[in-house]
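Please read them with the sequence and the coordinates open.

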Amino acid sequence: MKRIYFTVGPSEIYPTIPMHLRDAIKNHIPSLNHRGSEFKKLFKETTDNLRNLLSIPNTHEILFVSSALESMERTIQSVVKDHSFHLISGSFGKSWMNIASQLGKKTEQALYPGKLTKISTAAELICITQNDTSSGIQIPMEEIYQFKDKYPKKLIAIDVVSSVPYIKIDFSKIDITFFSVQKGFGLPAGLGIIIVSPAAIEKAKKMQKQLSIGSYHSFISLAEKAAEYQTPETPNVLNIFLLNKVLRDFLDSGIENIRNDIEEKAELLYRFFETNNFQPAIEDKNIRSLTTLVLNTQGKTSEIKKSLLKKGFDIGSGYGDFKESQMRIANFPAHTLKNVKALLKAFNNK
Ligand SMILES: *Cc1c(COP(=O)(O)O)cnc(C)c1O
C-alpha cells in the first residue's frame, strides 16, 4: 500500500529519487573507484551545485561526513580547545553539548528563548541548533548574526539539519554550518555535510599543533582531501551521487520557488491545525518552525497516528517526554502541496 512519510527524519524521499537510483545502477555508481577521475568529477559537481543552491562563498570548505551527530563531534574536536557555549532550544542542542562534555570540554549553556546576558570570555565556539526538530523552535538567523556582531572573536556553528534548504544563510557571519541529507533533501540517511569558514580552518590548524583534533575526519584531513575532490575514507558515493541529482532538481525548480512553496504549505498546515484544536507547541510565531511542526494532541498521538497510517500517512510522535502529547509533521521540499492537502483531508475524515 502507498505510504507518504510526514515524519521529521528520515522522511519522504524526494519524488525524483527512484529515477536517480535506477540511473545510479545503470552507471555503476556503487562500484565507482573513489580515487578515480569520475568520482572527482562527481565531488566537484556536487559541491559546485551546493554552493550555487545555498550561495556558499568560495572561501568556505564543503566537507563530507556520515551524519549530523558526527558533524557535532568533529566541530567540537576541530575548533574547541577547552570551552564551548551552547544555546539550547531542544534535545538536539542538548545532545551537542553532551558530545562536547564527553570530549572533555568545559561547557556553558543558555536556554532559548530566555534571557542571555553574557557569554564568558573563555568560550571559543557558540553552538546553535537553528531549527530544533524536537521542540519545533527555529531561531531567526538575524538573532544568530547578532552573536557574531557582539562576539566577533568567537566562532559560530549552526545545526540546520531540519531547516535546510529552506533557511537562508549569510555565510560571512557563520563559521561552521552542518546538516545531514535525510530531512530537507529527501535522501536516504548516511551522509553529512559541513561547511567551514577560513577562520575555523585556521583555528583547527593552530589547535593541531597543540593537541589531537582527531584523525581521518578532522577538519584539516577532510579539507586536504577536499582540495583534491576526494574524501579520506571510501565515502557514501551512492548518496553523494543522489545528492548531486537532487541539487540539480532543486536548482531547476529555483531555490526561491522551493522556499515560497514551504511557506505556503506551512501556512496551510498551521491554519488547519489551529482551527482544528491542535495548537502549535510554540506559541510565538517568530520562533515557530515552518519545516518541522510540533502540535499538541491532548494525549491522542498514538490514536491519531494509527488512524492516519491506515490511510497511508505516517506522521511523527512527540519527542521524548512529549511522545504522546504532541505530534510532529515535516514540511520539506519532498512534501508536495497535493500530498499536504491529502494529509489534511485524511485528518478531517479520521
Ligand atoms: C536529525 C537531527 C540531527 C541528527 O542527525 P543524524 O544525521 O541522525 O546524525 C541533529 N540535529 C537536528 C536538528 C536533527 O533534526
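1. In this predicted model, helix α3, which spans residues 68-79, contributes three residues to the shell around the ligand, and that is the most that any element gives. The shell as a whole has 14 residues, and the closest of them are Leu-69, Thr-133, Asp-159, Ser-180 and Lys-183.

2. For Thr-133, a polar side-chain atom lies 2.4 Å from a ligand oxygen, while for Lys-183 an N or O atom of the side chain is 2.6 Å from an oxygen atom of the ligand. Leu-69, by contrast, uses its backbone, where an N or O atom lies 2.8 Å from an oxygen of the ligand. On its own the ligand has 390 Å² of accessible area, of which the protein covers 87%.

3. Is Gln-182 buried or exposed? With a relative accessibility of 14%, Gln-182 counts as buried, because the cut-off for that class is under 20%. Gln-182 sits in the loop between β9 (176-180) and β10 (192-196), and its side chain makes a polar contact of 3.2 Å with the side chain of Ser-180, which is itself one of the closest residues to the ligand. If neighbours within four places in sequence are left aside, the contacts of Gln-182 are Gly-9, Pro-10 and Ser-11, together with Leu-187, Pro-188 and Ala-189.

4. Helix α7, residues 219-226, is mostly covered, since six of its eight residues are buried. These buried residues are Phe-219, Ile-220, Ser-221, Leu-222, Ala-223 and Ala-226. The elements that cover them include the helices α2 (37-54), α3 and α6 (198-208), as well as the strands β2 (61-65), β9 and β10.

5. A separate point concerns an open sheet of three strands, which run in the order β11-β14-β13 with antiparallel pairing. Its edge strands, each pairing on one side only, are β11 (292-296) and β13 (316-317). Between β11 and β14 (residues 326-330) the antiparallel pairing extends over five bridges, and Asn-296 stands opposite Gln-326 of β14.

Notes:
Residues numbered from 1 in each chain as written. Predicted model: local features only at pLDDT ≥ 70, side-chain atom pairs only at ≥ 80, totals over all residues. Heavy atoms only, no water. Near = heavy atom within 4 Å. Polar contact = N/O pair within 3.5 Å; in protein donor to acceptor, adjacent residues only side chain to side chain. Areas by Shrake-Rupley, 256 points an atom, 1.4 Å probe, with all protein chains shown as cover. Helix = DSSP H or I, 4+ residues; strand = E, 2+ residues; numbered from the N terminus. Buried < 20%, exposed > 50% of the residue type's maximum accessible area, 1.4 Å probe, protein only. Contact = heavy atoms within 4.5 Å. Pairing = 2+ DSSP bridges.
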